[in-house]
Amino acid sequence: MKTGKIDRPFLVALLLLAGIGVIMVFSASMYSSTISGEKGYALFLKQLVFVILGVIVMGVMSKIDYRVYKKYYLLGIVISIFLLAIVLIPGIGLKVNDARRWIDLKVTTFQPSEFAKVAVILYFSTIISRKPDIIKENMPFLLNCMLPLGIICGITAIEPSLSAAMAIALGAGGVLYFGGIKFKLFYPYLGFAFLAVVGLMIAEPWRLDRFNVFLGKGGYDYQISQSLLAIGTGGIFGRGLGNGKQKYLFLPELQNDFIFANIAEEFGFIGCLLVLGIFAFVIWRGLKIAQKAPDTFAYLYTSSVMLLLAFQVLVNIGVASAIIPVTGMALPFVSAGGSSMVILFAMMGPILNISRNVDLSKKLDLNKKRM
């Protein structure tokens, strides 16, 4: 198959997001880094290193024929389950804020649930492109799809990281949807997932408390109040880079889950529109690549990754603006986070390789069948 150049507009938009992220992480963390005894630019340098590492990984993966990745679909699932299991073991998994989600690598930490997101999409895209009939019959669907997905989401929820479990499930659900699943086959599992979420809320009441606060029945949430204050004080043009007030420890996790509030405070409505516009362009461009993908695997993988990206953006911004209950979800390519950044760029590598095989200037042939 003839290959061309990677889709440069898609690549440039990704780099823009990462560049904005590095700057905003520096702005959000310089005070907290200083009072914790580190240099004010410590987290900035760390984020920059992870961005550079991620870009290198993406560059290498974009040069590898995307079909090669299909060989490792099963290995990715096995590694995911193994890493998600050992992270629960005290002494191996690092516990932060009552959550054991990270493996301490001494020089940095690694979050297995981030790896599981891409491994699940790769697995589902491969098996459905090879055997599309498995999503048409109950038993093959259960054994090949729902059983491994249930194990991975279940372990992730135990960490606890319900938002990561939901993101993993949504990535798999995206592949199933784009693969043409019959929804009646999916309904029993949706009911089970709903009951599981209710059960987790009952087992760990802090989740229920967050939901009640969101409904206005349980007092107020300090983080959300500060986030809304940051967004409100930003106005149209913002206070200016570095002039935000929330970084002075008023809003916890400003450089992570609430980085969008920092953007709103320092760059206002215009800055938020710019960031959202870049995200919209990336997702639109990615879906265009998916539409013209040369085969089913490429179509399923690319469209599902774009769906996952959109989900993470909506959840992060929804939490920051009090549209949905509080949950931990980083803003892709922008929030601070090493494993998240590298995995995100790695997910984009195969898409860039797929883009070498499509011509976005040509009209889509709706009668063309993918193989």
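**Core, cysteines and surface of a predicted model**

At 48% relative accessibility, L249 counts as partly exposed, a class that lies between buried (under 20% relative accessible area) and exposed (over 50%), with a 1.4 Å probe and protein chains only. L249 sits in the loop between α9 (222–234) and α10 (259–291); helices here are DSSP runs of H or I with at least four residues, and strands are runs of E with at least two, numbered from the N terminus. Its phi is near 70 degrees, a positive value in a residue other than glycine.

Before I continue, a word on the source. This is a predicted model, in which local features need pLDDT of at least 70 and side-chain atom pairs count only at pLDDT 80 or more, while totals for chains, interfaces and linings use all residues. Residues are numbered from 1 along each chain as its sequence is written, and side-chain values use heavy atoms, leaving out hydrogens and water.

A second residue with positive phi is A322, at about 65 degrees, and it is not a glycine either. A322 lies in the loop between α11 and α12 and is partly exposed, at 30%.

L331 is also in the loop between α11 and α12 (338–355). Is L331 buried or exposed? L331 is buried, with a relative accessible area of 1%. Leaving out residues up to four places away in sequence, L331 touches I259, F260, F279, V313, N316 and I317, where contact means heavy atoms within 4.5 Å.

I turn now to the core. A nonpolar core is a set of buried Ala, Val, Leu, Ile, Met, Phe, Trp, Tyr and Cys residues joined through side-chain atoms within 4.5 Å. The largest one has 103 residues, and F124 and M348 touch the most other members. Helix α11 (residues 296–320) supplies the largest share, 16 residues. Beyond its neighbours within four places in sequence, F124 is in contact with C145, L149, A172, V175 and L176.

How many disulfides are there? The count comes to 0, a disulfide being a pair of cysteine sulfur atoms within 2.5 Å. For C153, the nearest cysteine sulfur, that of C145, is 13 Å away. C153 is buried at 14%, and C272 is buried at 10%.

Finally, the surface. F26, Y41, L45, L48, I52, I56, V60 and I64 make a nonpolar patch of about 660 Å². Helix α2 (residues 42–62) gives the most to this patch, with 5 residues. L48 lies in helix α2 and, at 31% relative accessibility, counts as partly exposed. Patch members have over 30% relative accessible area and no salt bridge, with nonpolar side chains (Val, Leu, Ile, Met, Phe, Trp, Tyr) joined within 5 Å and like charges within 9 Å. A salt bridge is a side-chain nitrogen of Lys or Arg within 4 Å of a carboxyl oxygen of Asp or Glu.

Methods: Accessible areas come from the Shrake-Rupley method with a 1.4 Å probe; for residues, only the protein chains shown count as cover.
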